[in-house]
Every structure is written in C-alpha cells, then in structure tokens.
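Work through the exercises below with the sequence and the structure side by side, and try each task before reading its solution.

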Amino acid sequence: MPSAPEINPALIEWNGLHGLPRFDALNDGDFAPAFDAALSAHEKEIDAIAGNPEVPTFENTVVALEIAGDELSRVSALFWNRAGAHTNDTIQALERDISPKMSRHYSKIGMNAALFARIDALWEARESLGLTLEQTRVLERHWKGFVKSGAKLPKREQEKLAGINEKLAGLGTQFGQNVLADEKNWALILSDGADLDGIPDFLKDAMAAAARERGEEGKFAVTLSRSIIEPFLTFSERRDLRELAFKTWVARGENDGASDNRGIIRDALALRNEVAKLLGYGNFAELKLDNTMAKTPEAVNHLLRQVWAKAVKRAGEEEADIAKLIAAEGKNHDVMPWDWRHYAEKIRAQRFNFSEAELKPYLQLEKIIDASFDVAGRLFGIRAIEKKGVPAYHPDVRVFEIRDREDRLVALFLGDYFARSSKRSGAWMSSFQSQHKLPLKNGRHGELPIIYNVCNFAKPAEGKPALLSLDDARTLFHEFGHALHGMLSNVTYPSVSGTGVSRDFVELPSQLYEHWLTVPAILKQYAVHFETGEPMPQVLLAKVLAARTFNSGFNTVEFTSSALVDMAFHTRDKVEDPMAVQSEVLSELGMPKSIVMRHASPHFQHIFSGGYSAGYYSYMWSEVLDADAFAAFEETGDAFNREMAVKLKDNIYSVGGAIDPEEAYKAFRGKLPSPDAMLVKKGLATFEELSGSDA
C-alpha cells in the first residue's frame with residue numbers, strides 16, 4: 001500500500017480493540033485518496049498473479065486471489081458501512097463516483113484473459129489436484145464468477161458487458177439515495193390534542209423525539225421510518241392522517257421529482273436483460289438462479305403461486321372481519337390499505353384480549369438484546385461482553401466481545417439499533433472483516449470476524465427505555481441470526497466464509513433464529529415490564545403465542561406479491577413500463593385492493609439496490625427450511641436440545657459456503673423439506689389439510 005501522506009493509515013491499519021478499526025481517527029475526506037491507492041495496489045497484485053510464470057496451482061492462483069486486495073477490502077468495508085448507516089452529502093457524492101469505478105475495476109479482473117486461463121486450467125484438472133471439498137467449492141466459485149463476468153466472451157462483448165455493469169452500479173446507488181432522500185425529507189408534524197387520538201405513550205415519545213430531531217420541539221413527527229409509520233397506522237384514530245401518511249409512505253421513489261425511481265427501474269431492467277443475453281441465459285432470473293437451491297424461475301414461481309392461493313384466501317377472510325368491525329362502528333367506507341393495520345389491531349385485541357400497546361411495555365430493547373445473546377449461549381456456548389467506551393462509527397453503536405465456553409475470543413459484534421436520518425431504512429447485517437484462516441502479507445494469520453447489525457428502532461426520549469413491537473423484536477433476532485452465521489464461521493477461505501452462501505440459503509440462519517424469541521422459557525425470562533420488572537403474565541404470554549398466526553393472510557399477500565412482481569420483472573424479455581407490469585401482475589393475481597405490495601417497485605431496494613434482484617423469493621424459500629429445521633428441535637421436546645444444537649452449528653452456522661447448501665441441510669436434518677411445515681407455521685393450512693394434497 002503506498003505510504004503517501006494523504007492516505008490515512010487508520011483506514012487500513014486497524015489497531016483498535018482486538019483489531020477493530022479506529023473509527024475516531026477517520027474523516028469523510030480520507031476515502032477518495034484511499035480508494036485510488038487501494039484500487040491501484042489490488043490491480044498490481046492481480047497482474048502479478050496473472051503473469052506468474054510458474055504452472056498454475058491452487059496455492060499460487062486461487063489462494064493468491066483469496067488474499068489479494070486486503071487494503072481495498074478494508075477501505076470498502078468502512079466506506080459502505082458509512083454509506084448505509086451514517087451517510088451525508090460528502091459520502092453520497094463519493095458513493096456515486098466509486099460505485100461505477102468499483103464495477104469497472106472488478107470487470108477488468110473478471111475479463112483478464114491470462115488470469116482466467118490459470119483458473120480454467122485448474123478447473124479442468126480439478127479431479128486430479130487432490131483438493132478438499134472446501135477447496136473445490138472455492139475453485140468452483142472463482143471459475144463460475146469469471147464465466148459470469150464474461151471471461152469466455154469475445155473482447156467486444158466483454159467491453160459491452162463491463163460498460164453495462166458500470167451503468168447498473170451507478171443506477172443502484174442512485175436508486176437507494178433517492179429512497180433515502182424521500183424518507184429523510186418528509187415528516188408529518190402534529191400538535192397535541194385530536195391529532196394524537198389513539199396514539200399510546202410509547203409512540204408519542206418516539207414521535208416527540210423525531211420532531212425534536214427536526215427542530216420541532218414540543219410537537220410530534222410521523223416519519224417514514226417503519227418504527228414510527230407502522231405503529232402510527234396501527235393506533236391512530238384519525239383516518240385522514242393515516243391515509244395521508246400511508247400514501248406518502250408507499251409513494252417513496254414515485255413522485256415526479258428529482259428522486260423519482262421509475263426511469264431507473266426501466267433502465268436497470270433493460271440492462272440486466274442485456275447482461276443475461278450476453279452470458280447465454282434466456283433472462284436475468286435464469287442467470288441469478290443458476291447457482292441457488294431453487295435453480296430455475298419455474299421452481300420459484302411454483303412455490304410462490306402455491307402459497308399465494310392459500311394466502312389470498314386467508315386474507316379474504318381477514319378482510320371480511322375488518323369490514324364487519326368498520327360497519328359495527330357505524331362507518332360505511334371500504335377496507336383500504338390505510339385501514340388494515342388499524343382494524344386488525346382492534347380485532348386482535350378482541351379475539352385474543354390483548355393489544356400491541358399492552359405487549360410493548362414488556363419488550364424492552366435491552367432485554368431483547370440480552371435474550372438474543374442468551375439463546376446463542378444456550379445453543380452454541382457463546383457469551384457477549386459489552387466493551388464500554390470503545391469508539392464506533394456513531395455514538396449510538398455498541399461494541400461487544402463474543403467469547404466461547406473456554407473464554408476464547410470468537411468475534412467482535414457491533415449493534416446499531418436506533419433510526420436516524422443519516423441511515424437508510426430497514427435492518428441488515430454486514431461485516432468489517434470475515435473469518436478465515438489464511439496467512440496475510442502483513443503478518444496477520446487468519447482474521448477474527450467483526451460483524452455488525454443495523455436496525456431502525458425508534459429512539460426513546462432521554463431517560464426512557466426503548467420499547468419494541470413484537471415485529472421489532474423478531475427483526476432483532478433475525479439480524480442477530482445473520483450475525484451468528486458470520487461470527488460462528490469456521491472455514492479456511494474468505495470467499496466461502498459466513499454468509500458467503502447462495503441467496504436462498506442465506507436467510508435460513510436468520511429466520512430460524514427468530515423461532516427462539518417466542519420459546520416460552522425465553523419470553524418468561526426477558527419479557528419483563530419496564531417499570532415494575534414483573535415478567536409478562538402467563539395469561540398474556542399464552543395470548544401472544546396463540547396469536548402468532550394472526551393476520552398471516554395479510555402478511556403473506558404483502559410479501560408474495562412483491563416476490564412475484566420481482567420474478568415477472570426478471571423473466572420478461574422486455575419491460576418498457578415497469579409500473580404497467582406491476583399493475584398487470586397484481587391484477588392477474590387478484591391482489592386485494594385493501595393490501596399493497598410490501599415494497600412497491602419504486603422503493604423496492606432489495607431488488608434495485610440491495611442484491612436481491614430475482615431473489616426476493618429467497619425469504620420464503622428459506623422459510624420452508626427454517627420451519628422444518630425448528631421442527632427438528634420441537635420433535636425432541638426441547639427447544640435447546642444439545643445434540644440438535646451441535647448439528648445445527650456444525651452443519652449450518654459454521655460451514656458457510658464450504659459445502660453445497662442442500663448437502664449441508666441434509667447433514668443437519670437428514671432430508672430436504674416440503675413446504676408443509678412452513679404453511680402450517682404461517683397458519684395457512686393444517687397438516688391434515690395438506691395430507692391429501694401435493695403441497
């Protein structure tokens with residue numbers, strides 16, 4: 001790495017706690033020169049590997065590629081963390097510049113003929129090289145990566161592909177920035193009194209804090225953060241305000257202004273289709289699904305349609321119940337999307353005799369964090385130790401050591417839990433560095449995983465605890481499940497570490513982990529009232545567990561419609577008007593007018609800026625796996641069965657992509673699952689109903 005004075009060494013020499021970056025020594029202006037230097041250094045490393053006069057071996061080619069670009073990986077990890085979790089105008093401007101530059105850089109590597117010749121020679125001779133299973137998987141990943149980067153294409157087509165990928169990188173960045181701009185720039189400022197009819201105290205506190213952040217002291221802000229907008233839609237008695245907030249929320253990215261994403265969608269879909277055709281695939285979905293468990297668009301659509309039929313039937317029953325309640329209140333309006341959450345909550349309160357507001361005082365953020373750590377301890381023998389005063393990338397971020405039963409350091413974990421205007425919406429897991437065991441050039445031997453979770457929970461007023469909804473608590477467990485996938489990784493090679501698995505397998509560890517939140521032993525211990533410290537009453541706990549499948553038709557219709565639109569976009573030869581295609585698909589499905597897609601296309605960041613293009617289905621694909629996997633514990637009568645926990649860790653959480661995901665799952669469970677357990681878990685069917693069907 002060049003030692004030019006303008007390069008801040010803190011970007012690449014991480015000498016904080018256990019190798020944590022020194023975030024307090026970084027400045028926004030550090031990144032641009034560091035990227036230039038790191039890209040140049042990586043290019044030289046690649047040229048040296050490609051030009052090696054020795055006969056290609058796994059060591060001098062594949063391993064060399066695995067450890068090349070260490071400086072670039074470090075600068076990138078710090079930058080993309082900041083771009084997603086604590087951005088500003090300077091970072092966003094550099095993001096628009098660096099996204100196409102990085103695409104150009106990796107396209108050049110992927111089309112390096114001399115380098116691919118070495119990889120191709122190893123691939124052709126793989127059976128005679130004496131490789132381990134993990135080494136074979138790593139070699140396969142590199143070989144397929146080069147082929148999908150255009151290594152086998154003629155030079156002119158390679159150049160065309162590189163140009164397309166560069167454009168796509170820029171479009172993805174702009175898409176995400178547009179959504180963030182819409183979320184950041186809108187707030188509905190309310191005064192006390194009738195504006196707050198129905199709003200419980202916990203939500204008033206969050207709205208007051210959001211207003212204060214916007215300079216509106218003494219008022220209350222409805223923002224487009226899910227942690228505020230969803231409870232507002234649930235509790236507000238003001239239908240006019242619910243409608244206004246809802247319509248703004250679902251119109252993110254669709255506003256006829258500078259942040260309108262519809263043109264970006266059209267251009268991105270056209271470019272993706274070109275990529276697929278250049279690489280010999282019928283459509284982009286075929287390209288993306290080539291190395292997944294699902295394998296084909298037909299398999300994906302079969303699962304989604306199968307679930308859709310049951311979900312829309314259940315949603316119809318739920319809507320009829322809502323319509324009855326609206327009529328009982330003496331009102332005569334149709335059930336509209338801004339009504340659903342509000343009346344569903346009232347029905348839940350009637351049917352199960354509890355409300356979200358009654359439950360929330362028992363779901364303190366601190367206690368749910370503790371619960372997530374405790375489950376990991378019971379299953380995998382690890383514990384979290386918070387390290388106070390360690391600088392992170394934002395004052396709200398907390399740092400934890402993760403240690404095993406022998407007190408060995410396993411990982412570092414950072415938790416970033418509260419919403420802020422500098423953070424994109426949603427929740428995610430990522431890493432500053434991934435676990436591996438290879439020696440690096442600077443004397444490090446292997447790397448400790450440094451993993452972080454980002455959430456967007458409403459920040460409470462000073463001195464008050466953060467209270468979560470049940471969905472919030474599930475989100476925290478979900479993201480910590482991803483974090484465990486990274487922290488428990490035990491592989492040799494970086495490219496197959498942790499979450500380096502196929503897209504429709506990566507959600508298994510996270511969605512499976514959600515199940516332990518509602519294990520009675522965990523709720524009894526950690527669901528305690530924030531004022532009295534009393535545990536959740538047994539009667540309320542029983543109601544919560546009984547209501548787990550309540551509103552499942554609505555939730556599944558929201559999700560499945562989004563996944564089916566994603567597949568339609570990426571299986572069609574041409575999409576001239578994406579919004580017309582979205583409408584066409586929803587019409588053909590018979591989408592209820594009372595429900596909208598979970599992510600309308602103009603703010604569908606998963607598929608246009610988040611890497612899930614032709615892959616949003618993967619949450620449901622993994623849900624088939626996670627329902628069956630948790631059933632393995634239930635069949636033993638012990639949610640923390642030690643034998644099953646060991647098998648889970650050894651075959652799912654620690655192996656990353658070192659073995660084929662189907663083989664990994666079968667090693668844990670002994671078989672691949674059918675969708676039955678998932679449909680039953682959602683409350684969309686019973687095993688008795690399914691026993692005579694092909695579900």
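**Exercise 1.** Decide whether Phe-413 counts as buried or exposed, and then describe how the rings of Phe-400 and Phe-413 are arranged.

*Solution.* In this predicted model, the relative accessibility of Phe-413 is 0%, and since buried means under 20%, Phe-413 counts as buried. Phe-400 has a relative accessibility of 3%, so Phe-400 counts as buried by the same cut-off. The next step is to count the aromatic pairs of the structure, which holds 38 of them. In the pair formed by Phe-400 and Phe-413, the ring centres are 6.0 Å apart and the planes stand at 35 degrees; planes under 30 degrees apart would count as stacked and those over 60 as edge-to-face, so this pair is tilted. Phe-400 belongs to strand 4 (residues 398-403) and Phe-413 to strand 5 (residues 409-418), so that the pair links distant parts of the chain, 13 residues apart. Finally, ring pairs join Phe-400 and Phe-413 into a cluster that also includes Phe-373, Phe-477, Phe-480, Tyr-513, Trp-516, Phe-630 and Phe-633.

**Exercise 2.** Determine how helix 4 and helix 7 are oriented to each other, and list residues through which they meet.

*Solution.* Begin with the geometry: the axes of helix 4 (residues 89-110) and helix 7 (residues 155-185) come within 8 Å and cross at roughly 155 degrees. Angles over 145 degrees count as roughly antiparallel, and therefore helix 4 and helix 7 are roughly antiparallel to each other. The handedness of their crossing is right-handed.

**Exercise 3.** Locate Glu-358, and find which residues it contacts beyond its neighbours within four places in sequence.

*Solution.* Glu-358 lies in helix 15 (residues 356-359), and its relative accessibility of 37% makes it partly exposed. Leaving aside neighbours within four places in sequence, Glu-358 is in contact with Asn-353 and Leu-540. Leu-540 is one of the buried residues of helix 20 (residues 538-546), together with Leu-541, Lys-543, Val-544 and Leu-545. Helix 15 is among the elements that cover these buried residues, as are helix 14 (337-352), helix 17 (470-487) and helix 19 (520-526).

**Exercise 4.** Examine Ala-294 and Lys-295 in the loop between helix 12 and helix 13, and say which residues Ala-294 touches when those up to four places away in sequence are not counted.

*Solution.* Ala-294 is buried, with a relative accessible area of 6%, whereas Lys-295 counts as partly exposed at 45% relative accessibility. Lys-295 also has a positive phi of about 75 degrees although it is not a glycine. Not counting residues up to four places away in sequence, Ala-294 touches Ala-299, Val-300, Asp-504, Tyr-617 and Trp-621.

**Exercise 5.** State where Ala-614 lies, and whether it counts as buried or exposed.

*Solution.* Ala-614 lies in the loop between helix 23 (605-608) and helix 24 (618-634). Its relative accessibility is 1%, so Ala-614 counts as buried. The phi of Ala-614 is near 55 degrees, which is a positive value in a residue other than glycine.

How values were computed
Residues are numbered from 1 along each chain as its sequence is written. This is a predicted model: local features need pLDDT of at least 70, side-chain atom pairs count only at pLDDT 80 or more; totals for chains, interfaces and linings use all residues. Side-chain values use heavy atoms; hydrogens and water are left out. Axes are lines fitted to C-alpha atoms, for helices over the stretch in contact, and angles run from 0 to 180 degrees between N-to-C directions. Helices (H or I, at least four residues) and strands (E, at least two) are DSSP runs, numbered from the N terminus. Angles under 35 degrees count as roughly parallel, over 145 as roughly antiparallel, 65 to 115 as roughly perpendicular and the rest as oblique. A crossing is left-handed if the near helix is turned anticlockwise from the far one by less than a right angle, and right-handed if clockwise. Contact means heavy atoms within 4.5 Å. Rings of Phe, Tyr and Trp (its six-membered ring) pair if their centres lie within 6.5 Å; planes under 30 degrees apart count as stacked, over 60 as edge-to-face and the rest as tilted. Buried means under 20% relative accessible area, exposed over 50%, partly exposed in between (1.4 Å probe, protein chains only).
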